[in-house]
Amino acid sequence: MAGIDWQGRWPDEPEFDSYGMAKYDGVNIAFNGDTAAWGGWADHHTVFVHVDKYGDLSRAERLAASIGSTVLGAAQRGW
């Protein structure tokens, strides 16, 4: 397994009372993995969108939609 992490800050969305948090926002890619917390080997790669300290599924869904994508699978804890 291998991974690449990019930490940043998602744009504020005041209309949803949702604000970027540089400490918790970002993206990571798990090559040959499907868990955000480095689990076992998988035959595929997974991209994780990190939002807020406790996660914010609706924000992750809006971010995915902004690039024409969707969120797949259940929320996971990471970072």
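The model is a predicted one, in which local features need pLDDT of at least 70 and side-chain atom pairs count only at pLDDT 80 or more, whereas totals for chains, interfaces and linings use all residues. Residues are numbered from 1 along each chain as its sequence is written, and side-chain values use heavy atoms, with hydrogens and water left out.

The strands form an open sheet of three, in the order β1-β2-β3 and with antiparallel pairing. Helices (H or I, at least four residues) and strands (E, at least two) are taken here as DSSP runs numbered from the N terminus, and two strands pair if DSSP finds at least two bridges between them. The edges of the sheet are formed by β1 (2–7) and by β3, each of which pairs on one side only. On average, and with direction ignored, neighbouring strands of this sheet are turned by 15° against each other; the axes are lines fitted to C-alpha atoms, for helices over the stretch in contact, and angles run from 0 to 180 degrees between N-to-C directions. In general, the strands of a sheet pair through backbone hydrogen bonds, either parallel or antiparallel.

Strand β2 (residues 26–31) runs antiparallel to β1 and is joined to β1 by six bridges. Within this pairing, Gly3 has Ala30 of β2 as its bridge partner, and Asp5 stands opposite Asn28 in β2. The pairing of β2 with β3 is likewise in the antiparallel sense and extends over five bridges; here Val27 stands opposite Val49 in β3, while Gly26 stands opposite His50 in β3.

Asn28, which lies in strand β2, has a relative accessible area of 4% and is therefore classed as buried (buried means under 20% relative accessible area, exposed over 50% and partly exposed in between, with a 1.4 Å probe and protein chains only). Although Asn28 and Trp79 are 51 residues apart in sequence, their C-alpha atoms are 9.4 Å apart in space. Thr46, which is found in strand β3, counts as buried because its relative accessibility is 17%. A polar atom of the Thr46 side chain lies 2.7 Å from the backbone oxygen of Gly33.

In helix α1, where Arg59 has its place, this residue counts as buried because its relative accessibility is 3%. The side chain of Arg59 is joined to that of Glu13 by a polar contact of 2.6 Å, a polar contact being a pair of N or O atoms within 3.5 Å, of which, within protein, one must be able to donate a hydrogen and the other to accept it, and for which residues adjacent in sequence count only if both atoms are side-chain atoms.

Most residues other than glycine have a negative phi. Asp17, in the loop between β1 and β2, has a positive phi of about 55° although it is not a glycine, and Asp17 is exposed because its relative accessible area is 63%. Asp52, in the loop between β3 and α1, has a positive phi of about 60° and is not a glycine either; at 30% relative accessibility, Asp52 counts as partly exposed. Tyr54 is also found in the loop between β3 and α1, and its relative accessibility of 66% is the reason why Tyr54 counts as exposed. Tyr54 and Ser18 are 36 residues apart in sequence, with a C-alpha to C-alpha distance of 12 Å.

The largest pocket contains about 940 Å³ of space. On a 1 Å grid over the protein atoms alone, a pocket is an open set of points where a 1.4 Å probe fits, with protein on both sides within 12 Å along at least five of seven lines, and lining residues have an atom within 4 Å of a point; grid points are joined across faces, edges and corners, and the volume is the space filled by probe spheres set on the points. The lining of the largest pocket comprises 32 residues, of which Phe48, Val49, His50, Ala60 and Gln76 are the closest to its centre. Two or more residues of this lining are given by each of the elements β3 (46–50) and α1 (57–66), and the largest share, five residues, comes from β3. By class, the lining residues divide into 19 nonpolar, eight polar and five charged, where Ala, Val, Leu, Ile, Met, Phe, Trp, Tyr, Cys and Pro count as nonpolar, Asp, Glu, Lys and Arg as charged, and the others, Gly among them, as polar.
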